[in-house]
Amino acid sequence: MKTVLSGIRSTGHLHLGNYFGALRNFVQLQHQAKCYFFVADLHSLTTHPKPDDYLSGVKTILSEYLASGLDPEKSTLYVQSSVPQVCELYVLLNMLTYKGELERTASFKDKVRLNPDNVNAGLLTYPVLMAADILIHRANWVPVGKDQEQHLEITRMLARRFNKLYGAEVFPEPEAYNFGGHLVRIPGLDGSGKMGKSENNGIYLVDDQKTITKKVMRAVTDTGPVNPNDPMSPGVANLFTLLGVVSEPEVVAYFREQYDKCTIRYGDLKKQLAADICKHTLPIKERIEEIYNNGPYLKYVIEKGTEEARTSARATMELVRDAVGFKTF
Ligand code: TRP
């Protein structure tokens, strides 16, 4: 059976991109593969969040995971910092990673550009910690967005390097998983690329109807098509992509026809889009609140997941320590 792993930082909320791009597909996948989902609270520390916000952040992501359909009886859900073996492996992998390789990472260069006053070593070695997350369970598949592909490449390189240096086949090389080609890239509402936390162009699973409608109504469009078959501007194309994900095919076809006839009213399209997004997300929002307020359930889920994650991590570290040569006398 394949092992799948996915993590998300503990600051912020899950957005439509997380849900339609990945989480929704896990609902089936968790019956066919061993799935690990964790809250990357250590990774979040690169930006020095306040300790008082810690618990609510972790509980939020956990509730959002569960409300999206992850089943704790099938999958393992845990918090990264509760599995100390991750940090142990991180130290060992750091010894195999060269400074230049990390400085060349696109995400590192972005962060340096955006926050020149906080270029800490944790930021530089962010991909090594991510590699430890993945390799600690000897995962085979990691669903990642474009922005994380380079990190996965580093993970693959470290797996190879470790195996070669220590002459042991401890780690499989994890592959980027795309759900059998069904990967949908969810665009943001600002006419640019994908929906993302840092881009501030997203709709969140916890947004209420009013917020969703407001965000959609403000989405970037253009002055409208003039000639039939005019190419779509990126903003409008994005709205059609979103419509394709949340709306009935007849609805998409209707607006497509209006667009082609140059009679489309973007206001109508947006109203429909907002309503259809709400149809999907409002029930999830309700479940998120229910789960968040169910302390005993969250405690049950996290205690069970922590135990499972530690068991898997301990087994890997036994192989790792043996390969490295850590023997007891
Ligand atoms: N870096 C990922 C993000 O920013 C989160 C993450 C941490 C992760 N460790 C991981 C994702 C391991 C997949 C696998 O979204």
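This is a predicted model: local features need pLDDT of at least 70, side-chain atom pairs count only at pLDDT 80 or more; totals for chains, interfaces and linings use all residues.
Residue numbers start from 1 along each chain as its sequence is written, side-chain values use heavy atoms with hydrogens and water left out, and local features need pLDDT of at least 70, side-chain atom pairs count only at pLDDT 80 or more, while totals for chains, interfaces and linings use all residues.

Nine residues from domain 1 and nine residues from domain 2 make up the contact, which here means heavy atoms within 4.5 Å.

Together the two domains bury about 760 Å², with 79% of that on carbon and sulfur atoms; buried area is the accessible area (1.4 Å probe) lost when two parts are put together, summed over both. On the domain 1 side, L16, F20 and A67 bring in 59% of the area buried against domain 2, more than any other three residues.

Which elements give two or more residues to the side of domain 1 that touches domain 2? They are α1 (16-32) and α3 (54-67), with helices taken as DSSP runs (H or I, at least four residues) numbered from the N terminus. The largest share, four residues, comes from α1.
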